[in-house]
Amino acid sequence: MTTGFDLTRLEALLESAQLLQSSLELKPILKHLLRTVMGRLPALRGMIAVCRREGGSRVELVRGAAALTEGSVFHEDSARQAGMVLFFPIGSPSEPVGVLGVGGLPSAVKPEEAEFIEALLGLAASVISNAQAHEQAHIANRLLDQRLQELRALLDLGRGLAAAFDPEEVARLVGYTLAGRWAISRYTVAAWKENHPSVLRQKGMTPGDWPALQEKYGACVEARLTPEGGLVLPIRSRESPIGLLVCGPRMPGVDYGEADLEFGAGLAAQAAVAFEKAWHLQDMLARQQLEKELELAAGIQRDLFPSSLPSLAGWDVAARNRQARQVGGDYYDVLPFAGTGPEDPHLLCVADISGKGIAAALLMSTLQATLRSLLRRESSLVELASITNELLYATTPANKYSTAFLCAVQPRTGECRYVNCAHNAALLLRAGGEVELLDGPGFALGLFPMRTHQEREFAMQPGDILALYSDGVIEAQNPSDEQFEIERMKSCLRENAGGTAAEIVDRLFEAIDAFAAGAPQYDDITLMIVKRND
Amino acid sequence: MVRNLVLHISQIDGIAVIALEGFLDAHTAPQFEEAIQSEIDAGRRNIVVDCARLLYISSAGLGVFMGFIGELRETGGDIKICGVAAPRVLQLFEVSGFKDLFGLAADLPAAVALFREKDK
């Protein structure tokens, strides 16, 4: 019998050695050790605690002792209270890797049995150390793997986002990355910006529009978990919220962890940059589009201004327009009535159209076309103004109208007639130096469907100078917000009365610029100088 | 040499019967442990382990019994061992004190009868 007993001990050692060598996992090794020891003694209760790298020991395995919990910190006292009576160090007693406790023994442990257990545990010590190291390495590797995968996902996303120029495309990529990384089928990617349609991409979530989402998550400034096990991440740009990522719960048993929150924050940061970039690009494209349109309108408008003015026998005419913006609202022209010779009557016109830009350019072209077509058959300025008024009133919105000074000159005699359609009074500088202001009753063209204009007459003598202009001349401002005023215009005209019409225009523009002293030009400036020489 | 353990699990009147066939050693012990655990998880606390076709048992195999017996007895259950036939197995049961601890029934009906008596 004794021989058999010794044989089983040897067998147990051999078996253990084989098993221990083949296993790198801690739990099966511990289970085997405890089984073997409990089976041999035999013991009703058993436990194994293993020293942790961070100090102390943790109970890893318990059998037959409900009072001890696996995973708890090992205290010999509590183990004794739980029924353990005998403790064997695992490995050298001075530096054990753990401890094996047993209880519920039928009799005292025989010395040779204790010797066997010591041998077994000695065998196990290095294997446990290896398994622990393996476990640590395994955990570290898994964490590293996970981090690598996250990094790869963010890199992938970054690469994708670099090529995404549309906010919707950005949302799509971000959504795919979220769903793929966390294996979720329910998510929302939302982003908003003033003057842009808000972006909302939802999968498997109750469709919610903006107000609903903002009410639910609006106060979200940092990542937080929802009661349903989901995750809400704010997308922030320069500290202000510009969007939200709402993620549904993950697979059963998988929660969002610390590393996930970090990944989510990285993703949200990338999304923020990408959304801003896409919006900025859209703004830029819109601006480019607008500029292109304005350029087009400016081109149309340039063509409306006469490239050269007709020459009138014995008269000198010059005009200039300088726009405050790309597309202005002023217009001037010199147009013949029925005959086109230098001695035939001509119409002088300076107009100021309400508003600026494309709409003004269109109104200007309507005004010009109307005047041109009417001039051939209509010599009454009141009729001309009235018909133009009716036409503009009928064809343009109420806030589109034009003031105008229309003046018919007879080059041979110097006889002039004019109607003033709510425009600045033209300035007539007599050769003797007196100044007359040519005003008259009448509303702007296109404003009211009424005939309100009156034709007035005057005569130009040799040496007289007539100045037609827009309010941009007398309202030009200097840095102190003072205006150029009609008095400065008068003095400038008097000082330069001896020059040609073109010279007078030049001097007046110089005077305005000197006065403005670099202050920005707010309004179009238009000036026409007409001088009768003989 | 591959030394397998085959488990045959059945029930008689709410008593779990686990019949072991082959070798119960360090390699196969986890299999046996899981089988007992799932019976306990299913609420069966009276367990008969039929060793009629068990050819070998090691200390680790014995340890599986020890891991459950205390807990089971504390909650009114028990493990009965029956049908031990292989001389080596019987010898180990005897020298290890298992014979006294568990009581060895001759065969399955005898083991079941022990439970019936106990729960009367």
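Trainee: What is the mean pLDDT of chain A, and how many of its residues reach 70 or more?

Mentor: The mean pLDDT of chain A is 87, and 97% of its residues reach 70 or more. Please bear in mind that this is a predicted model.

Trainee: Which elements of chain A have the lowest and the highest mean pLDDT?

Mentor: Helix H6 of chain A, residues 210-217, has the lowest mean at 69. The highest, 97, belongs to strand S18 of chain A, residues 465-469.

Trainee: On to packing. Which residues of the largest nonpolar core touch the most other members?

Mentor: That core has 72 residues, and those with the most contacts to other members are A:Leu33, A:Val37, A:Met47, A:Ile48, A:Leu100 and A:Ala124. Helix H4 of chain A, residues 111-162, gives the most to this core, with eight residues.

Trainee: And what is A:Met47 in contact with, leaving aside neighbours within four places in sequence?

Mentor: Its partners are A:Val59, A:Leu61, A:Val62, A:Ala65, A:Leu68, A:Ala79, A:Met84 and A:Gly101.

Trainee: Which residues does the second core include?

Mentor: The second core is separate and has 68 residues, including A:Leu312, A:Trp315, A:Val317 and A:Ala444.

Trainee: Let us turn to the interface. How many residues of chain A and chain B are in contact?

Mentor: On the chain A side there are 28 residues, in contact with 24 residues of chain B. Helix H1 (2-22) and helix H2 (26-40) of chain A each supply at least two residues of the chain A side. H2(A) provides the largest share, ten residues.

Trainee: How do the residues on that side of chain A divide into nonpolar, polar and charged?

Mentor: There are 13 nonpolar, eight polar and seven charged residues on the side of chain A that touches chain B.

Trainee: Now the backbone. Where is there a cis peptide bond?

Mentor: A cis peptide bond joins A:Leu41 and A:Pro42, with omega about -20 degrees. A:Pro42 lies in the loop between H2 and strand S1 (45-51) of chain A. In general, most peptide bonds are trans, and most residues other than glycine have a negative phi.

Trainee: Why does A:Glu485 count as partly exposed?

Mentor: A:Glu485 is partly exposed because it has 13 other C-beta atoms within 10 Å.

Trainee: And in chain B, where is B:Asp13 found?

Mentor: B:Asp13 is in the loop between strand S1 (5-12) and strand S2 (15-24) of chain B. Its phi is also positive, near 50 degrees. With 9 C-beta neighbours inside 10 Å, B:Asp13 counts as exposed.

Note on methods:
Residues are numbered from 1 along each chain as its sequence is written. Chains are lettered from A and ligands numbered from 1 in the order in which they are written. This is a predicted model: local features need pLDDT of at least 70, side-chain atom pairs count only at pLDDT 80 or more; totals for chains, interfaces and linings use all residues. A nonpolar core is a set of buried Ala, Val, Leu, Ile, Met, Phe, Trp, Tyr and Cys residues joined through C-beta atoms within 7 Å. A residue is buried if 20 or more other C-beta atoms lie within 10 Å of its own, exposed if 12 or fewer, and partly exposed in between; C-beta atoms are placed from the backbone. Helices (H or I, at least four residues) and strands (E, at least two) are DSSP runs, numbered from the N terminus. Two residues are in contact if their C-beta atoms, placed from the backbone, lie within 7 Å. Ala, Val, Leu, Ile, Met, Phe, Trp, Tyr, Cys and Pro count as nonpolar, Asp, Glu, Lys and Arg as charged, and the others, Gly among them, as polar. pLDDT is the predictor's confidence in each residue, from 0 to 100.
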